[in-house]
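Please open the structure in your viewer and keep the selection tool at hand. We will go from stop to stop, selecting a few residues each time.

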Amino acid sequence: MTSFTKVSWLRRDALLFANSIGCKADGLHFLYENHPDFEVFPTYPVVLSFKDDTQDVIPYNTTLPHPPIPSKPHLVNLPKLDPACVVDGSRHLKIHKPLPATSQGRNFWMRKRIIGVYDKGSGTLVHSLHELVDEDSEDVYASTDVQSFYVGQGSWGGPRGPLLLTEAQPSRTPDFVVKMPTTAETPLLYRLNGDYNPLHADPTPGQALGFGGVVLHGLISWNACAYAIIQCVGKNDGRALKEFGARFVAPVKGGDILVVEIWKDDIVSTTRERVVEVRFICKVEGGVVVLTNGRALLRGRGIPHGEAIGRNMDSIAEFLLLHQETGGRTLNPWIHKM
């Protein structure tokens, strides 16, 4: 089943998003609408799946992170999924075209379809694809592979689905390490982007799910990692980002310090376009890993050369898809070159 939802954003929405994921004044082109190089932060399409076409607060149970699940014989025993139990499983974003500063005067829709629904025993995994489409030109601006996990709603006899493996991180020292602080207010700001899941404001749902209270949106850590990579590898140019994705494996609480470890390599594409592959993980300082299987592709425009490994970009793109299925700006002082 495919669903279509009208979506929209203003410059103010883009500014709010950049602030909510930790962009700093050295990235003023993400934070100031009159900057000559103003751009919408490239991962912004992920929030449009929640925000839709409104500027008001939205009841969370009306904006689930996937379209309605169709009735099929192998899903006959699927329980009614509770929005209060859903957390992020993974997200992989492909950017096809940069977003305009505002959608005003345009006709954007989010096209969503279910790829699979799987019984993982401890919960149910819903796999969907979200595409941001300009209805008038039929151009696809971004596509996001989304896996949503319903905690405690498994064991209903459904298909297990692909095995989700955690990839080993590179054995060498990271090229960059970025530390990003959070506060108790971090999720309260981020939710204003349109993701109003009570789990990130009210301690009751988090206590019921075994998290001990309020936890940050998984997409805060996810987007913060994208910002760190754009700063370190993309020279603060959001237009460099082509693909970005990671798997969510543990919650983060307000006050935790995120530690992003980044490794980069060169890839030569079939068109000879220079592309940089980045691998990353995100940890809580002194604690657990919260994002694994982190990978990004960036255009090599102006990016310092790393060690060329001579792989074809098509093979990387195929790997990323398979994995989902089975100038001159200064850097943030939180960044440490290793």
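This is a predicted model: local features need pLDDT of at least 70, side-chain atom pairs count only at pLDDT 80 or more; totals for chains, interfaces and linings use all residues.

Now select the cysteines, and ask how many disulfides the structure holds. There are 0 disulfides, a disulfide being a covalent bond between the sulfur atoms of two cysteines. Show Cys225 together with Cys282, which has the cysteine sulfur closest to that of Cys225; because the two sulfurs are 3.9 Å apart, while a disulfide needs them within 2.5 Å, they are too far for a bond. Cys225 is buried, with a relative accessible area of 0%, and if you then move to Cys23, you will find that Cys23 is buried as well, with a relative accessible area of 7%.

For the next stop, select Trp263, Phe280 and Arg295, which are among the residues that line the largest cavity, a space of about 70 Å³. Both β9 (274-284) and β10 (289-299) supply at least two residues each to this lining, which divides into 5 nonpolar, 3 polar and 3 charged residues.

Finally, select Leu64, His66, Pro67, Pro68 and Ile69, which lie nearest the centre of the second largest pocket, among the 24 residues that line this pocket. About 440 Å³ of space lies in the second largest pocket, and its lining is made up of 11 nonpolar, 8 polar and 5 charged residues.

Technical notes: Residues are numbered from 1 along each chain as its sequence is written. Side-chain values use heavy atoms; hydrogens and water are left out. On a 1 Å grid over the protein atoms alone, a cavity is a set of points where a 1.4 Å probe fits but cannot get out, and a pocket is an open set with protein on both sides within 12 Å along at least five of seven lines; lining residues have an atom within 4 Å of a point. Grid points are joined across faces, edges and corners, and a volume is the space filled by probe spheres set on the points. Ala, Val, Leu, Ile, Met, Phe, Trp, Tyr, Cys and Pro count as nonpolar, Asp, Glu, Lys and Arg as charged, and the others, Gly among them, as polar. Buried means under 20% relative accessible area, exposed over 50%, partly exposed in between (1.4 Å probe, protein chains only). Helices (H or I, at least four residues) and strands (E, at least two) are DSSP runs, numbered from the N terminus.
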